[in-house]
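Please go through the structure shown below with its confidence values at hand. The briefing that follows is grouped by topic.

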Amino acid sequence: MTETRTPGRVRPPRAPRSTGGEPVNIGLVVIAMVIGACQLFLVPLLLRVDAAWGWLLVPLILTTTPFWSLIHEAIHGALLRDRSRNDRVGRALAVLYGSPFAMLKVGHLLHHRYSRVRERTEIYDPAETTRLGAAPAFYLKLLGGLYLLEVIALVLAVLPAAVIRAVGRRVEAPDSVGGLLLDRVAQPAVLDRFRTDAAAIVVVHTLAFLAYGAHWWMLLAALGGRALIISLSDNAYHYGTDLAAPREAMNLRVPRPLERFALNFTLHDVHHRHPGLRWYELRERFDTEGGHYHLGWFSAVARQFRGPIPLR
């Protein structure tokens, strides 16, 4: 099937629908829920026996990428075929993740719409600032700040919609989607879900910190590890890519077992060009199109430390 082309837009062919994918996704969701519950409530029980059980948090945090990949599938309505069930599961996963699904969904869909146009984290305008001036915000976001922003956004839940819109107008900028995100979060249906999930996140994580007791710092360190993984990975697929090709991203090479472990999230160019494909369909499309890897994953992450890039 060929692609249908319209001025200024490329519409991918209809994604194939596998009959065997949903049972696998349900199994993965169950595993993710168990991992989240273990991190928040089982580990502190084990810590009462021996503090050495805290090391169990290390492998649990290393599941951050596939955990986010499941939320990502739900954002695109591809986790479960029933949309209502899909969104409910996505919201439950996001509560364990620590940020409301409603905001994650709005933010990610804006990312697809405005990638390299308004959302281009590493780009700065030399007419507005210097490389040195742009560096602090860039490195802060790279080293955990992105996840921190997703968590800090919980405070929006206590603000009236009019105040959220006013904040959105204040942060509105041609090189950011922040204003657009806040405007959409302030919409009544979105804000209701946001507030419900924000309350659930506060309750769940407060209980978790209480469960850890004197070992609360271990949970904080674990969340810091999640923040680092999420923030380092987020823009690695786009750093330094062509601003004139907003629908493109990079496919990053990792050993095939790790690619599968990440639910093929590393095939990011395929996903951006065909966002309707489910995670288990990306590898087939990559092979069918004669896809190639742009960089290794670790190289792509490391090169971000070169810092901000001037707008040309």
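Alanine 161 lies in helix α7, where helices (H or I, at least four residues) and strands (E, at least two) are DSSP runs numbered from the N terminus. The C-alpha atoms of alanine 161 and proline 275, which are 114 residues apart along the chain, are separated by 31 Å. Leaving aside residues up to four places away in sequence, alanine 161 touches Ala186, Leu191 and Arg195, a contact being heavy atoms within 4.5 Å.

This is a predicted model, in which local features need pLDDT of at least 70 and side-chain atom pairs count only at pLDDT 80 or more, while totals for chains, interfaces and linings use all residues. Residues are numbered from 1 along each chain as its sequence is written, and side-chain values use heavy atoms, with hydrogens and water left out.

**Confidence**

- The protein chain averages a pLDDT of 92, and 94% of the residues score at least 70; pLDDT is the predictor's confidence in each residue, from 0 to 100.
- Among the elements of the protein chain, the lowest mean pLDDT (37) belongs to strand β1 (residues 4-6), and the highest (98) to strand β4 (residues 252-253).
- Over residues 1-20 pLDDT stays under 50, and for this stretch the model has 29 contacts beyond four places in sequence.
- Where pLDDT is low, the predicted coordinates should not be read in detail.

**Packing of α5 and α9**

- Two packed helices are described by the angle between their axes and the distance between the axes.
- The axes of helix α5 (residues 101-114) and α9 come within 7 Å and cross at roughly 130 degrees; axes are lines fitted to C-alpha atoms, for helices over the stretch in contact, and angles run from 0 to 180 degrees between N-to-C directions.
- On the α5 side the contact is made by Phe101, Ala102, Met103 and Val106, and on the α9 side by Val190, Arg193, Phe194 and Asp197.
- By class, this contact of α5 with α9 has 6 nonpolar, no polar and 2 charged residues, where Ala, Val, Leu, Ile, Met, Phe, Trp, Tyr, Cys and Pro count as nonpolar, Asp, Glu, Lys and Arg as charged, and the others, Gly among them, as polar.
- Aspartate 197, found in helix α9 (residues 188-212), is buried with a relative accessible area of 5%; buried means under 20% relative accessible area, exposed over 50%, and partly exposed in between (1.4 Å probe, protein chains only).
- Not counting residues up to four places away in sequence, aspartate 197 touches Arg91, Val95, Pro100 and Phe101.

**Salt bridges**

- A search of the whole structure finds 10 salt bridges, each defined as a side-chain nitrogen of Lys or Arg within 4 Å of a carboxyl oxygen of Asp or Glu.
- The side chains of arginine 118 and glutamate 172 form one of them, at 2.6 Å from N to O. Arginine 118 lies in the loop between α5 and β3 (123-124) and glutamate 172 in the loop between α7 (161-171) and α8 (178-185), so the pair joins parts that are 54 residues apart in sequence.
- Within this pair, arginine 118 counts as buried at 13% relative accessibility, whereas glutamate 172 counts as partly exposed at 38%.
- Glutamate 259 forms a salt bridge with arginine 283, with the closest N and O atoms 2.7 Å apart. This pair links distant parts of the chain, with glutamate 259 in helix α11 (residues 256-261) and arginine 283 in helix α13 (residues 282-288), 24 residues apart.
- Glutamate 259 is buried at a relative accessible area of 1%, and arginine 283 also counts as buried, at 12%.
- Arg256, Glu259, Arg283 and Asp287 are linked in a network of salt bridges.

**Backbone phi**

- Most residues other than glycine have a negative phi, and most peptide bonds are trans.
- Arginine 116, in the loop between α5 and β3, has a positive phi near 70 degrees and is buried, with a relative accessible area of 1%.
- Asparagine 264, in the loop between α11 and α12, has a positive phi near 60 degrees and is buried, with a relative accessible area of 2%.
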